[in-house]
Amino acid sequence: MNTKEKYTVNARRNYVAAPQNPATEEAANREVQAALYTSVESRDLPMEVRIETVKGDGPKARLTVAAHVDLNQLPFRMVDNEKHNQLLFAAVVFDHNGKYIDGNSRSIAIRWKDDDTADPAVRSAAKVFESSFMLGAGDYVVRFVARDTEVQQLFSETTPVVIE
């Protein structure tokens, strides 16, 4: 039986389903790890990621990833008149072929008070994470993921970077 039908196949690179109960620390780590290796972006947390490259005298450049969070909008839990949240951060660098180059993660407890003396501009752009990588010339992709413990929300962002 010869037919001359033509078919088109559409595929996506990957799919990651959210875990059903990400309440434990181990589940949170797995969720962040899964989010690092997907291209899906999420902006559930009030964050801004800034990436800066500084070329030194040698053949390598320093790439710095910094995350700023808006404490005015971050979910929290009240403990002794302080707002609390725990954030898990991860930053990973891939080369132009998608090969893992370097990365690190960190968990940071954030505590702050809402008082009248604090500058609202400072609370809206508090730097909570910074990580640096030494890289040679080339095209890279930086993947940044953050997750909070209070409401289990994710922030993920992919940024292409060229170092000359």
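## Strand β5 and the place of N85

Strands are DSSP runs of at least two residues, numbered from the N terminus, and in this predicted model N85 belongs to strand β5, which covers residues 82-95. N85 is classed as buried because its relative accessible area is 3%, below the 20% limit used for that term.

The side chain of N85 has polar atoms placed close to the backbone at two positions: one lies 2.7 Å from the backbone oxygen of P75, and one lies 3.4 Å from the backbone nitrogen of T149. Apart from neighbours within four places in sequence, N85 is in contact with L74, P75, I108, A109, I110, W112, D148, T149 and E150.

In soluble globular proteins, nonpolar side chains tend to be buried together. Here the largest nonpolar core has 28 residues, and those with the most contacts inside it are M47, L63, V65, L74, F89 and F144. At least two residues of this core come from each of β2 (47-55), β3 (61-69), β5, β6 (100-112), β7 (126-135), β8 (138-148) and β9 (154-163).

L74, one of the residues with the most contacts inside the largest core, is itself in contact with L45, P46, V69, N85, L87, I110 and W112, once its neighbours within four places in sequence are left aside.

## Aromatic pairs

The model contains seven aromatic pairs. In one of them, the rings of F76 and W112 have centres 6.2 Å apart and planes at 80°, so the pair is edge-to-face. This pair links distant parts of the chain, since F76 is in the loop between β3 and β4 (77-79) while W112 is in strand β6, 36 residues apart. With a relative accessible area of 38%, F76 is partly exposed, whereas W112 is buried, with a value of 6%.

Another pair joins F89 and F144, whose ring centres are 6.0 Å apart and whose planes stand at 35°, so the pair is tilted. Because F89 lies in strand β5 and F144 in strand β8, the pair ties together parts that are 55 residues apart in sequence. F89 counts as buried at 0% relative accessibility, and F144 counts as buried at 1%. Ring pairs also link F89 and F144 with F129 and F155 into a cluster.

## A charge over a ring

F76 takes part in a further arrangement, in which K83 lies over the face of the F76 ring, at 4.4 Å from the ring centre.

Technical notes. Residues are numbered from 1 along each chain as its sequence is written. This is a predicted model: local features need pLDDT of at least 70, side-chain atom pairs count only at pLDDT 80 or more; totals for chains, interfaces and linings use all residues. Side-chain values use heavy atoms; hydrogens and water are left out. Helices (H or I, at least four residues) and strands (E, at least two) are DSSP runs, numbered from the N terminus. Buried means under 20% relative accessible area, exposed over 50%, partly exposed in between (1.4 Å probe, protein chains only). A polar contact is a pair of N or O atoms within 3.5 Å; within protein, one must be able to donate a hydrogen and the other to accept it, and residues adjacent in sequence count only if both atoms are side-chain atoms. Contact means heavy atoms within 4.5 Å. A nonpolar core is a set of buried Ala, Val, Leu, Ile, Met, Phe, Trp, Tyr and Cys residues joined through side-chain atoms within 4.5 Å. Rings of Phe, Tyr and Trp (its six-membered ring) pair if their centres lie within 6.5 Å; planes under 30 degrees apart count as stacked, over 60 as edge-to-face and the rest as tilted. A charge sits over a ring if NZ of Lys or CZ of Arg is within 6 Å of the ring centre and within 35 degrees of the ring normal.
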